[in-house]
Amino acid sequence: MSTFVLVHGGGGSGWDWHLVAAELRERGHGAVAVDLPIDDRLAGWGEYADTVVHAVGDRREVVVVGHSLGGFTAPLVCGRIPVDLLVLVAAMIPAPGELFSDWWTNTGYESSGPDDVFYYDVPPALAAEASRRERDEASAALQQPWPLESWPDTPTRYLLCRDDRMFPAEWARRHARERLGIEPDEIDGGHYPALARPRQLVDRLVAYAAELPSVNLS
């Protein structure tokens, strides 16, 4: 069984993954959903990675999953601890030395237009709770260059959402190809599959883990 380490996006928290974490545990896997120090004005990318590494502890057979802005943090973890697989879900893919503020222009991002880009397909009660739990993204990390000199040597999958209004599917396909040289996988739904389609998302995550080679620890 794998341990899935779940890294939230901008303004979020570990709560964003609560349905996914519960489903993973029901299927016999481990799940660790972190709260990044996004409201700590002194916290940089190093502190973000430290937070995740501390939460993982000595767990093994680790799959790190980063959503949205979590795509900046998830790869950093792969340089700190053994990680079997990195999965990016509707995620931003940073380049070495890139600032968050420059990423938008560098990737040719264009807004899709609608006002509700996050929760439009999430059940209303969950969407309201997610909005209530949003936190300010006030840390120093967003003013710091992304610290890795290259993408980690960790198998990486990119899962886009076909109906995503934040990162539209056509753009996300190009983003994965240009930044990682890979063809993305696809799932139905909008930007928050962890809230709108948790079982379908878990199906994909578990399938990815099942494709990993077995490790003999004896």
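Two rings of Phe, Tyr or Trp (for Trp, the six-membered ring) form an aromatic pair when their centres lie within 6.5 Å. By that rule, the structure shown here, a predicted model, holds 17 aromatic pairs.

**First stop: the aromatic residues of helix 4**

Select F100 and W104. Their rings form one of these pairs, with 5.6 Å from centre to centre and 85° between the planes, an edge-to-face arrangement. Both residues belong to helix 4 (residues 100–106), where a spacing of 4 residues separates them by about one helical turn. In general, an α-helix has 3.6 residues a turn, so residues three or four places apart point the same way.

Colour the two residues by accessibility. F100 has a relative accessible area of 19% and is buried, because the cut-off for burial is under 20%. W104, at 24%, counts as partly exposed.

Y109 is buried, at 18% relative accessible area.

Now widen the view to the cluster that ring pairs link together: W45, Y48, F72, F100, W103, W104, Y109, F167 and W171.

**Second stop: a charge over a ring**

Select R165 and Y120. R165 lies over the face of the Y120 ring, 3.7 Å from the ring centre.

Select residues 156–161, which make up strand 5. Of its 6 residues, 5 are buried, so the strand is mostly covered, burial being under 20% relative accessible area.

Next, show strand 4 (residues 85–89), which pairs with strand 5 in the parallel sense over 4 bridges. Here L86 stands opposite T156 of strand 5.

Then show strand 6 (residues 185–187), joined to strand 5 in the parallel sense over 3 bridges. The bridge partner of L160 is E186 in strand 6. To follow the chain from strand 5 to strand 6, trace it through helix 6 (residues 169–180); this β-α-β crossover is right-handed.

**Last stop: helix 8**

Select residues 198–210, the 13 residues of helix 8. At 1.5 Å a residue, this helix should span 18 Å, and its end C-alpha atoms are 18 Å apart, which agrees.

Within helix 8, highlight P198, L201, V202, L205, Y208 and A209, which are buried. Viewed down the helix axis, the buried residues fall within an arc of 125°, so they line one face of helix 8. Turn to the other side of helix 8 to find R199 and A210, which are exposed.

Notes:
Residues are numbered from 1 along each chain as its sequence is written. This is a predicted model: local features need pLDDT of at least 70, side-chain atom pairs count only at pLDDT 80 or more; totals for chains, interfaces and linings use all residues. Side-chain values use heavy atoms; hydrogens and water are left out. Helices (H or I, at least four residues) and strands (E, at least two) are DSSP runs, numbered from the N terminus. The expected span of a helix is 1.5 Å times one less than its number of residues. Buried means under 20% relative accessible area, exposed over 50%, partly exposed in between (1.4 Å probe, protein chains only). The arc is that of the directions from the helix axis to the C-beta atoms. Two strands pair if DSSP finds at least two bridges between them. A crossover is right-handed if, with the strands pointing away from the viewer, the path from the first strand over the helix to the second runs clockwise. Rings of Phe, Tyr and Trp (its six-membered ring) pair if their centres lie within 6.5 Å; planes under 30 degrees apart count as stacked, over 60 as edge-to-face and the rest as tilted. A charge sits over a ring if NZ of Lys or CZ of Arg is within 6 Å of the ring centre and within 35 degrees of the ring normal.
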